[in-house]
Amino acid sequence: MTIVGSKFPTLLKDTNGLIETTKNALVLSRAAGMDAGGAASALTTILNQFALNAQASVDVINALAAASQAGSADINYLATAIEKSGSQAKSSGIDYVQLIAMIEAVAPYFSSADVAGTQLASTLLALAVQTNSEFTPSIQGAAHAFENLA
């Protein structure tokens with residue numbers, strides 16, 4: 001619980017939220033074959049980047065698990081790529097579920113999750129600052145902005 005509390009300080013005032021998030025980090029740890037500290041860090045990073053509360057932790061681990069089963073990226077890959085791209089995704093109006101789907105879509109083309117996440121962040125930033133709002137995810141929504149690019 002110390003790791004979760006230090007990574008997600010608002011939980012230090014919410015005992016139930018701290019317990020729930022810690023339990024979900026342990027579930028993630030077992031599902032991903034990660035150490036507990038790595039799982040806690042991955043989960044709290046996503047919660048922090050997307051301004052989610054403790055109750056969302058179960059939805060986050062379920063989304064990660066479902067994506068890792070259906071796609072080519074495992075939970076460790078997803079967590080690393082999200083760490084690199086989550087903040088830019090959030091500011092582009094993309095939620096964590098959409099970002100996970102994007103990462104799964106590009107994962108076969110990037111052996112490194114660091115590179116995949118960084119490239120996604122760069123792409124989202126380029127779309128955010130260009131002048132044609134037709135391609136801006138925060139204005140059009142991610143799905144429409146990418147459809148307009150096609």
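Modeller: In this predicted model, helix α5 (residues 75–91) and helix α6 (residues 96–106) have axes that come within 10 Å and cross at roughly 125°.

Colleague: Which hand does the crossing of α5 and α6 have?

Modeller: The crossing of these two helices is right-handed.

Colleague: What makes the contact between them?

Modeller: On α5, the residues are Tyr-77, Leu-78, Ala-81, Ile-82, Ser-85, Gly-86 and Ala-89. Helix α6 contributes Leu-99, Ile-100, Ile-103 and Glu-104.

Colleague: How do the residues of the contact of α5 with α6 divide?

Modeller: Eight are nonpolar, two polar and one charged. Glu counts as charged, and Gly is among the polar residues; Glu-104 of α6 and Gly-86 of α5 both take part in the contact.

Colleague: Which elements does the protein have?

Modeller: There are nine helices and zero strands, and from the N terminus the order is α-α-α-α-α-α-α-α-α.

Colleague: How many of the 150 residues are buried, as a percentage?

Modeller: Buried residues, those under 20% relative accessible area, make up 42% of the 150.

Colleague: What is the accessible surface of the protein?

Modeller: The accessible surface comes to about 7500 Å², and carbon and sulfur atoms hold 55% of that area.

Colleague: What share of the contacts with a separation of 6 or more joins residues 24 or more positions apart?

Modeller: Such pairs account for 56% of those contacts in the protein.

Technical notes. Residues are numbered from 1 along each chain as its sequence is written. This is a predicted model: local features need pLDDT of at least 70, side-chain atom pairs count only at pLDDT 80 or more; totals for chains, interfaces and linings use all residues. Side-chain values use heavy atoms; hydrogens and water are left out. Axes are lines fitted to C-alpha atoms, for helices over the stretch in contact, and angles run from 0 to 180 degrees between N-to-C directions. Helices (H or I, at least four residues) and strands (E, at least two) are DSSP runs, numbered from the N terminus. A crossing is left-handed if the near helix is turned anticlockwise from the far one by less than a right angle, and right-handed if clockwise. Contact means heavy atoms within 4.5 Å. Buried means under 20% relative accessible area, exposed over 50%, partly exposed in between (1.4 Å probe, protein chains only). Accessible areas come from the Shrake-Rupley method with a 1.4 Å probe; for residues, only the protein chains shown count as cover.
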